[in-house]
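This report goes through selected residues and helix contacts of the structure shown below.

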Amino acid sequence: MMELVCPAGTPAALRAAVDAGAHSVYCGFADETNARNFPGLNFSPDDMAQAVAYAHARGAKVLVAINTFPRAGAEPIWHRALSCAEQSGVDAVILADIGLLAHAAARHPKLRRHLSVQAAAANPDAINLYAEAFGVRRVVLPRVLTVEEISAINREVEVETEVFVFGGLCVMAEGRCSLSSYATGQSPNMNGVCSPAEHVAYSEEGHELAARLGGFTIHRTPKGAPAPYPTLCKGCFTSGPQTGHIFEDPVSLDATRLIPRLAKAGVSALKIEGRQRSRSYVAQVVRAFRAAVEAQAAGDPMPEGALARLTEGQAATTGAYAKRWR
Amino acid sequence: MDLTVGPNFFFWPSDTVREFYGRLSRTTVARVVLGELVCSKRLPFWQEEIPTAVEALIAAGKEVAVTSLALITLKRERNLTADLIDIGLPVEVNDLSALAHVPLGTPFWVGPLVNVYNEGTLNWLIRRGATRICLPPELPLASVAVLAKMGRDEGVAVEVWGHGRLPLAISGRCYHARLHDRAKDSCQFVCGDDPDGREVETLDGQPFLAVNGVQTLSQSTASVAHQVQVLREVGVAALRLSPQSKGFTTICDVWSQHLAGRLTAPELVAKLRPTAPAGRLSDGFLAGTVGAAWSGGRA
C-alpha cells in the first residue's frame, strides 16, 4: 500500500491523523525552523516526544519538517532542532537547505533524511545529487511535474518519491519564490510563512470587500460573497487589457483520481498539505485518503467526491500533474 | 568591488541580442554571464549568437560564464545542461542539478537562483568548487555581511543583486501563455512581445509584478545605489546588473562611475531612475524588510 503522509499542526491533530489511519504524520517545532511557522501551531520538544510515543504505539511514523533555510549567523537554532528531533525518536527529518543537510549527514548519520519539497529537486540529476551527497532516502517532489515526468524520474533514481495529492497548491517552484517577502518582508524560505495573516487587511469599499497583503490589493469580492484568503499567487490582477487570476485561480489540489497512475509511476508516498488545518479537517481528509489508498492497493476504483466540500473555494485542480496546466 | 552583468531574462530577437552584447563589450563591466536562463524553448531562436557574443566579450577583456536554466525538468533540458561544461567557460549554476554535470575539481559559479542563505551552504558549495557566488536577492544586509566576510576569508567572490527587476519566482507554468489562453506547449512565443516582461498591476492600479514566461519579476527595479559603501565594507566583491532592453549601457556606465568615485549615490540614483520602468526603484530586501520598499526619497 502507498504510504499516506498526513499533516499535524498540533498534538491533537497528530492524534486525530493517527486515529484516522495515517501511516505517517509530519509536523514541525514551534519556531522559524519549519515552513508552517504560524502563531499557535506546532510542537514543543516535549510535545514531540509524546507525539512520537503516541504514533509509535499505534504503528505510525513521525516525520519532522525542518525545512526553512537557516539564517546566516543563526544556524545553531536549526542545528538544535535536528538534535531535538533525533532525541525525540522521530522516524525522519524533512530538510531543504544544503548546509543543514550536510550538517545532518555528518552529525546525525542515523537520522533518516527526506528532502523537502522546498528544495525543489525537479529532475533525476538533482535527486541523485542529494542522495549521493547527503544520503537522502526520500524526495518530496515539487509541484511542477506531470505524472509522466514523475514516472520517468522514478526510473532513474534509487530513492523513494513522495508527492502532494491534496490541499494548498503552490504554483511556483517551492523554495524558489520570494513573492511573499517582496510584499510583506516575510517569506517561506526565511520565516516559514507565505502571505502572512498579520500583513492582511480587509476593507469594505462600496459594495466590495478588498483584501490587501502588505498594502497590495490581492482581490475584491462582492460584499457577502465568500472571500478566499489573499494568498499572493491566487490573487486577481490586471495585465494590459486582461483582468483575472494571472497565476492561479483560488483552487486547491485534489489528485485523488490520479492515485492509481501515481502508484504505477512508482511513487512511494502520498502527502496531504495542511498543517495549519483543524484536527477535524485532518481527520476527515485522512479517512478519505486511507480509503483511497486501500482501494488502490485492492485494485478497486477511487472513491469519488468525498472531499469536494473540503477544498478551498469549492474548486479543485490536479495542478501540474496534467500537462495542460502549464 | 566591480560589476557583473547577469544573463538576460527576456526573449529578444537575435539581432537585438547581437547588438546588446556588442555594446556591452564596449562598457567597463568586469564580467558577463550569458545563456538562456528562463525557458529552453527560446534557445534555438538565439543560440547562434552565443559564440559571437562570447568572442566579443573575451576580446574586450571580460570574464565570461554560461548560465544553466533556472528550472530543469525535461530530458532535453538535462542534456542541454550537460553540454554546457563542454563550452569551456565556467558554468553558472542556477538550478542545483546543473552541478551534477560539473566534474569534481572544475571551478563553477553560483547564480542568484540557488538558495545560499547561510554559512553551511556557502561552505559546502566552496568545498565543491564554487569560485564566485551571487547571493539570492531576498537576503537582508545582516546575512549578506556574514556570507561576504566568509567569502573573503575563503578567497571566493561573493556578489549581490545590484540593479534590475528582481527574479521573484519560477514556475512550471507559463504565465505569458496563460494570459493568451494557451498552454506552455503551444505558447507561440508570446513572451517575445514584452522585451522587459509583461507588467502586472493590482485591481487598484498599483504597479506590482512583471511576468516573463515561467518567471515572475518585480515591477520595480531593485537597486543597491544607497548601500554600496556598506556592501564594500562587509566584503562584497561585485554587484550584479541585470539586462534590460533600454538604457543598459547607461546603467553600466553610471554604475562604473559610481564605483570609481566619480558619481555620488544621489547622482547615481538621479541617472538610474529614468532608465527604470515607470521610474520605480526598490531596495527593501537589502535595506529593510519589505522587498518592494525604497529607502531613498521620491525623485
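Q215(B) is buried in this predicted model, because its relative accessible area is 1% and the cut-off for a buried residue is under 20%. The residue belongs to strand β10 of chain B, which runs over residues 215–223. Beyond its neighbours within four places in sequence, Q215(B) contacts F9(B), L37(B), V38(B), P167(B), A169(B), I170(B) and A210(B).

N94(B) is likewise buried, at 1% relative accessibility. It sits in the loop that joins β4 (91–93) to β5 (108–110) in chain B. When residues up to four places away in sequence are not counted, N94(B) touches residues of chain B that include L37(B), T67(B), S68(B), L69(B) and A70(B). Further partners of N94(B) in chain B are G111(B), P112(B), L113(B) and V114(B). N94(B) also touches R176(A), from chain A. Between N94(B) and V110(B) there are 6.5 Å from C-alpha to C-alpha, with a separation of 16 residues in sequence.

**Annotated cysteines of chain B**

Which residues does the record list as a binding site? An unreviewed UniProt entry gives C39(B), C174(B), C187(B) and C191(B) under "binding site". These four are spread over 153 residues of sequence, yet they cluster in space, with a largest C-alpha distance of 11.5 Å.

C174(B) lies in the loop between β7 (157–171) and α7 (175–179) of chain B. Its relative accessibility is 8%, so C174(B) counts as buried. Leaving out residues up to four places away in sequence, C174(B) touches K184(B), G213(B) and V214(B), as well as R326(A) of chain A.

C187(B) is placed in the loop from α7 to β8 (198–202) of chain B. C187(B) counts as buried too, with 8% relative accessibility. Its contacts, again without residues up to four places away in sequence, are K41(B), A177(B) and R182(B).

**Positive phi values**

Most residues other than glycine have a negative phi. S195(A) is in the loop between α8 (188–191) and β9 (200–205) of chain A, while D181(B) is in the loop between α7 and β8 of chain B. Are they buried or exposed? S195(A) is buried, with a relative accessible area of 0%, whereas D181(B) is exposed, with a relative accessible area of 68%.

**Helix α1 of chain A**

Seven of the 10 residues of α1(A) are buried, and the helix is mostly covered. The buried residues are A12(A), A13(A), L14(A), A16(A), A17(A), V18(A) and A20(A). They pack against β1 (3–7), β2 (24–27), α2 (45–57), β3 (61–66) and α10 of chain A. After α1(A) comes G21(A), which has a positive phi near 115°.

**Helix pairs**

Two packed helices are described by the angle between their axes and the distance between the axes.

| Pair | Residues | Axis angle | Axis distance |
|---|---|---|---|
| α1(A) and α10(A) | 11–20 and 279–298 | roughly 20° | within 8 Å |
| α9(B) and α10(B) | 248–259 and 265–272 | about 180° | 10 Å |

How do α1(A) and α10(A) run relative to each other? They are roughly parallel, because angles under 35 degrees count as such. α1(A) passes α10(A) in a right-handed crossing. From α1(A), the contact uses A12(A), A13(A), A16(A), A17(A) and A20(A). They meet R279(A), V282(A), A283(A), V286(A), R287(A) and R290(A) of α10(A). By class, this contact of α1(A) with α10(A) has eight nonpolar residues, three charged residues and no polar ones.

In chain B, α9(B) and α10(B) are roughly antiparallel to each other, because angles over 145 degrees count as such. I251(B), V254(B), W255(B) and H258(B) of α9(B) make the contact with A265(B), L268(B), K271(B) and L272(B) of α10(B). The residues of this contact of α9(B) with α10(B) are six nonpolar, one polar and one charged.

Key: Residues numbered from 1 in each chain as written. Chains lettered and ligands numbered in written order. Predicted model: local features only at pLDDT ≥ 70, side-chain atom pairs only at ≥ 80, totals over all residues. Heavy atoms only, no water. Axes fitted to C-alpha atoms, helices over the stretch in contact; angles between N-to-C directions. Helix = DSSP H or I, 4+ residues; strand = E, 2+ residues; numbered from the N terminus. Parallel < 35°, antiparallel > 145°, perpendicular 65-115°, else oblique. Left-handed = near helix turned anticlockwise from the far one by under 90°. Contact = heavy atoms within 4.5 Å. Nonpolar A, V, L, I, M, F, W, Y, C, P; charged D, E, K, R; others polar. UniProt positions renumbered as here; feature names shortened; annotations may be inferred. Buried < 20%, exposed > 50% of the residue type's maximum accessible area, 1.4 Å probe, protein only.
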